[in-house]
Amino acid sequence: MKKSAGTDFSKLTSSEIKDRLAKPEQIQEDIENIPKAAVLIPLSLQNNQWNVLFIHRSSWVDKHKDQVSFPGGMAEQGDKNPIETALRETREEIGIPSQWIKVLGQLNPLVFRNEYQIYPIVGEIPCPIEITLSRMEVNHTFSIPLNWLANPQNYSLKDYESAEGEKRKVYFFQEYEHELLWGISAFITIQLVEKLK
């Protein structure tokens, strides 16, 4: 079956995005004994088009070296909720103050390989915005138009074998300006697209 073109999100306002994220759905409850993590999906309106900001992780980090992801990380003791975790990690990794981020909602949490439970938080950031990288964690940032991400012709589910020999199905996007979005970050991106349709 031929994939259809993606949805045009360019006319959505931030209020409409917030409304769509607020639609009732089955919320997965916290899973005990699994560490909690949160990521921020940063949206910015550039030239009348919504873009998603991603980070390209450094080669110095312990996990997911040199991979594309969202700003985020593990919850710490002082974090009251996943939103605080996502905003704190975003501030630490790319220097965006929490007060500059307008939280629009969140997606269903998901469990990554039974290692931790991830809470994806959606937030709007101003454009233009000054980025200050934590070089130990982030090599650089870049943006991809939401309409491009929403086009099913730009992603597919593929067989993947990890370095440990684990085989599973994983989402891969086509390369965008030499950046490869795949794995859990790709899955979260597709979740966002489906929620906003």
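Modeller: Let us begin with a pair in one helix: Arg88 and Glu92 are four residues apart in helix 2, which means that about one helical turn separates them. Helices (H or I, at least four residues) and strands (E, at least two) are DSSP runs, numbered from the N terminus. This is a predicted model, in which local features need pLDDT of at least 70 and side-chain atom pairs count only at pLDDT 80 or more, while totals for chains, interfaces and linings use all residues. Residues are numbered from 1 along each chain as its sequence is written, and side-chain values use heavy atoms, with hydrogens and water left out.

Biologist: Why is the contact between Arg88 and Glu92 called a salt bridge?

Modeller: A salt bridge requires a side-chain nitrogen of Lys or Arg within 4 Å of a carboxyl oxygen of Asp or Glu. The closest N and O atoms of Arg88 and Glu92 are 3.3 Å apart, so the pair meets the definition. In general, side chains of opposite charge can pair when their charged atoms come close.

Biologist: What makes Glu76 and Arg88 a salt bridge, and which parts does the pair tie together?

Modeller: Glu76 lies in the loop between strand 4 (72-74) and helix 2 (82-94), and Arg88 in helix 2, so the pair ties together parts that are 12 residues apart in sequence. Glu76 is partly exposed, because its relative accessible area is 43%. Glu76, Asp79, Arg88, Glu89 and Glu92 are linked in a network of salt bridges.

Biologist: Why is Leu192 called buried?

Modeller: Leu192, which lies in helix 4, has a relative accessible area of 1% and is therefore buried. Leaving aside neighbours within four places in sequence, its contacts (heavy atoms within 4.5 Å) include Leu21, Ile41 and Val122. Leu192 and Val122 are 70 residues apart in sequence, and their C-alpha atoms are 8.6 Å apart in space.

Technical notes
Buried < 20%, exposed > 50% of the residue type's maximum accessible area, 1.4 Å probe, protein only.
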